[in-house]
Amino acid sequence: MRHSITRSEELFKEAQQVIPGGVNSPVRAFKAVGGTPRFIARAQGAYLWDADGNQLLDYIGSWGPMILGHNHPAVVAAIQQALSEGLSYGAPTEREIRLAQRVREAYPSADLVRFVSSGTEATMSALRLARGYTGRDRIVKFRGNYHGHADSLLVQAGSGLLTGGTPSSAGVPQAFAELTLVADYNEPQALEDLFQRYGEEIAAVIFEPVVGNAGVLIPTPTFLEALHHLTRRYGALLIADEVMTGFRLAKGGAVELFGLKPDLICWGKILGGGLPVGAYGGRAEIMQQVAPLGPVYQAGTLSGNPLSMAAGLATLETLFQDPPYERLEAYGAALEQGLQTLFAEAGLPVAINRVGSMITVFFREGPVQTYTEAVASDTERFKAFFHGLLQRGVYWPPSQFEAAFFSTAHGPEELDKTLEAVAQALKEPAAFAG
Ligand SMILES: Cc1ncc(COP(=O)(O)O)c(C=O)c1O
């Protein structure tokens, strides 16, 4: 039953000769769980096939974009049509208007939308815009929230909560990090303290409205209230990073689901349907500060690329024509319930956090609401869970601190397969010994 992974092993060795760590984004290297990453050869619906021909039931979905499953016919057809018309012009096209209109249909508060090529570019540009608009330099982010790899965002909390941050990556200047204040998610009092000290200097607060990047953390109503209230009171902008949650949790993402009122919103992932896209948008009065209308510079050779726009349009149109959110919720609820039962039967304490089609099983007692609670999970048990599933053909994210995603291609058969794999994995009690 164990998969043979000889070809993935060979490719991983070869990849490491020419690519740092053999991968082009660190989490793909399986460092948190050990073992050899599977090299993927193709994908269809809810499944991937690795280079050795093993079929894998996919709970990563390219880290979020593939809400319609892999190779959805409407998306593939739209890309093929665009392909026949040329790859990139560096000039405006009609598809950019249509996609911006679709974004605005889902997020009516976004009067204007600017397309870029990744989520990183979207958040980086939104922060520059917030600084340009407010004339202030400091920003606030939350521990365990990830917004891409721009310098001012690769920052962790400094020595005291009420100090500027310190770089969380080599190569980030301390001077940049000092302008980033790091607060704790779901801890409104700490945010209030920060604003009391620095309120007049803060350009923006950026946050994940449901955290995916510490594992799934769900915002409490008092935290959301504090975000809105404090940013308003001190004249800072509130930036909702919907790169992961946008078009996934609802048509209008977390903004719709929780009734949020951010000043700026960032998107990515689903918006590109599997091709590289990001975007940021908001009220006209703010967005009009962006070049060529205003003084905040931001540009991109491949921004609004025809293939990416076509894939994004087909994805959003498919989602909007037949909204899948109730079906995704039903799958998620059944998965969550099934997992709860299996872990309870095995006597293993877990906290399962889920919103719609994003889910994390934390290996510790619940509740898990904060970053500190999330990082106290038992990562050794997580490793056993991950490898137990992978050997049985279920491809869960290779880190305790990542969200698993499922798609409209996941149905009853996939649910049974998943729960059967978990049940079998849990029969290896030695692997889960604490
Ligand atoms: C919430 C969030 N924001 C921003 C990003 C960065 O997006 P990208 O990887 O497209 O640069 C990510 C990536 O995972 C994300 O999850």
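Reply: N186 is a buried residue, with a relative accessible area of 10% (buried is under 20%, exposed over 50%, partly exposed in between, with a 1.4 Å probe and protein chains only). The structure is a predicted model, in which local features need pLDDT of at least 70 and side-chain atom pairs pLDDT 80 or more, while totals for chains, interfaces and linings use all residues. Residues are numbered from 1 along each chain as its sequence is written, and side-chain values use heavy atoms, without hydrogens or water.

N186 belongs to the loop that runs between strand β8 (180-183) and helix α6 (188-198) (helices, H or I, have at least four residues and strands, E, at least two; both are DSSP runs numbered from the N terminus). Its backbone deserves attention: although N186 is not a glycine, its phi is positive, near 65°.

A positive phi also occurs at K269, where the value is near 45° and the residue is again not glycine. K269 is placed in the loop that links β11 (264-267) and β12 (278-282). At a relative accessible area of 24%, K269 is partly exposed. An unreviewed UniProt entry lists K269 under "modified residue: N6-(pyridoxal phosphate)lysine"; such annotations use the numbering adopted here, have shortened feature names and may be inferred rather than shown by experiment. Beyond its neighbours within four places in sequence, K269 makes contact with W63, G64, P65, V243, M244, G274 and V277 (heavy atoms within 4.5 Å).

K269 is also one of the residues around the ligand, together with V243 and M244 from its own contacts. Among the polar approaches (N or O atoms within 3.5 Å; within protein, one donor and one acceptor, with sequence-adjacent residues counted only if both atoms are side-chain atoms), a side-chain N or O atom of K269 stands 2.8 Å from an oxygen atom of the ligand. N213 places a polar side-chain atom 3.0 Å from a ligand oxygen, whereas Y146 uses a polar backbone atom, 3.4 Å from a nitrogen of the ligand. On its own the ligand has 390 Å² of accessible area, and the protein covers 82% of that (Shrake-Rupley method, 1.4 Å probe; for residues, only the protein chains shown count as cover).

Other loops also have features to note. A236 occupies the loop between α7 (221-234) and β10 (237-241). A236 counts as buried because its relative accessibility is 5%. Sequence neighbours within four places aside, the contacts of A236 are R136, F195, I202, A203, A204, T231 and D263. Between A236 and G22 there are 214 residues of sequence separation, and their C-alpha atoms lie 41 Å apart.

Two cis peptide bonds can be pointed out. One joins A291 to P292, with omega of about 10°, and P292 sits in the loop between α9 (284-287) and α10. Another runs from G366 to P367, with omega near -5°; P367 is part of the loop between β14 (358-362) and α12 (371-375).

Helix α10 spans residues 306-321 and includes T318. The T318 side chain comes to 2.6 Å from the backbone oxygen of A314. Apart from residues up to four places away in sequence, T318 touches L68, H72 and A74.

Note on methods:
Near = heavy atom within 4 Å.
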